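Please set out the helix packing, the aromatic pairs and several individual residues of this model as a series of questions and answers.

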Amino acid sequence: MFKGPLIEIIQLIFKSNRTNWDIISVVLSLFSVLIILFVIFPLRNCGRGLVAKILGDDTPERSGMLTLNPIAHLDLIGALAMLVCRIGWTKPMPIDIRRCTKVSQKKAVVLVSLAGPVANILLAYVLTIIYKIVMLSAGADNMTAVYISLGLLYTIQISVFLAVFNLVPIPPFDGFNVLACFLPGKAVYFMQKNQQIFYWVFFALLIFGVLDVPLGAATNGIIWLLEKASFFIPAAI
């Protein structure tokens, strides 16, 4: 799950028995990650900024980051990490929760924190509909449609996974910001004080595959729900 297209390209170069399918798979993997960097990441950031603006905070707009222009959001290290291991990040969207005066600060934190993952899932839903339309209109025997559908499936999976990933309830992820609104102050302080420990333990479990099952199950569950929610488009036989 965490092997990015750059690693796949290196492995392909040194592979002695390369096939056309191997090359196509790497191209689709690279394409899907570029879509993440240039479409999904900006959309997620804009989702957070737009919700903050609706709630009364004009900081995202004044910073010039309330835009879908990917250049405004790209972090070079985060983009490289995405290409290497499919886990990346963007420049942080500047938001001042104190300016979100249309609701309580607690509600503002919850809404702004959920905006990013929700944007990821909504995009995955739109791509699910496009995928079903492509397969239904072209048929499984059309190889161009198959390649396009594979690229869409890659992108859907990564988009949903990023939503699940950001909902992990430890700092500094969005899931912790939501959880912190419902925890006692002492518990929040303890988690923030030990943020680095939680962070590195989490990534150690991630690297050694301990979290593959729960994260994979959550990702596949959401993808299944998105497929069911697009019931008005029949699946191609």
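Predicted model: local features only at pLDDT ≥ 70, side-chain atom pairs only at ≥ 80, totals over all residues.

Residues are numbered from 1 along each chain as its sequence is written, and side-chain values use heavy atoms, with hydrogens and water left out.

Reader: What is the orientation of helix 2 and helix 5 to each other?

Author: Helices are DSSP runs of H or I with at least four residues, numbered from the N terminus. Axes are lines fitted to C-alpha atoms over the stretch in contact, and angles run from 0 to 180 degrees between N-to-C directions. The axes of helix 2 (residues 20-54) and helix 5 (residues 105-138) come within 8 Å and cross at roughly 140°. Angles under 35 degrees count as roughly parallel, over 145 as roughly antiparallel, 65 to 115 as roughly perpendicular and the rest as oblique, and the two helices are therefore oblique.

Reader: Is the crossing of helix 2 and helix 4 left-handed or right-handed?

Author: Helix 2 and helix 4 (residues 76-85) pack at an angle of about 150°, with their axes 10 Å apart. That angle makes helix 2 roughly antiparallel to helix 4. A crossing is left-handed if the near helix is turned anticlockwise from the far one by less than a right angle, and right-handed if clockwise. The crossing of helix 2 and helix 4 is right-handed.

Reader: Which residues of helix 4 make the contact with helix 2?

Author: By class, this contact has eight nonpolar, no polar and no charged residues. From helix 2 come Leu-30, Val-33, Ile-36, Leu-37 and Phe-41, and from helix 4 come Ala-79, Met-82 and Leu-83.

Reader: Why is the pair of Phe-165 and Phe-173 edge-to-face?

Author: Rings of Phe, Tyr and Trp (its six-membered ring) pair if their centres lie within 6.5 Å; planes under 30 degrees apart count as stacked, over 60 as edge-to-face and the rest as tilted. The structure holds 11 aromatic pairs. For Phe-165 and Phe-173 the ring centres are 5.1 Å apart, and the pair is edge-to-face because the planes lie at 70°.

Reader: What is the relative accessible area of Phe-198?

Author: Phe-198 forms an edge-to-face pair with Phe-190, with centres 6.2 Å apart and planes at 85°. Phe-190 counts as partly exposed at 48% relative accessibility. Phe-198 is also partly exposed, and its relative accessible area is 27%.

Reader: Is Arg-48 buried or exposed?

Author: Arg-48 lies in helix 2. Beyond its neighbours within four places in sequence, Arg-48 is in contact with Met-93, Ile-95, Val-112, Ala-115, Gly-116 and Asp-174. With a relative accessible area of 16%, Arg-48 is buried.

Reader: What separates the C-alpha atoms of Met-65 and Gly-49?

Author: Met-65 lies in the loop between helix 3 (59-63) and helix 4, and is buried at a relative accessible area of 10%. Its contacts outside four places in sequence include Asn-45, Cys-46 and Pro-60. Met-65 and Gly-49 are 16 residues apart along the chain, and their C-alpha atoms are separated by 8.0 Å.

Reader: Which peptide bond is cis, with omega near 10°?

Author: Most peptide bonds are trans. Pro-172 has its place in the loop between helix 6 (143-166) and helix 7 (174-180). The cis bond runs from Pro-171 to Pro-172.

Key
Contact = heavy atoms within 4.5 Å. Nonpolar A, V, L, I, M, F, W, Y, C, P; charged D, E, K, R; others polar. Buried < 20%, exposed > 50% of the residue type's maximum accessible area, 1.4 Å probe, protein only.
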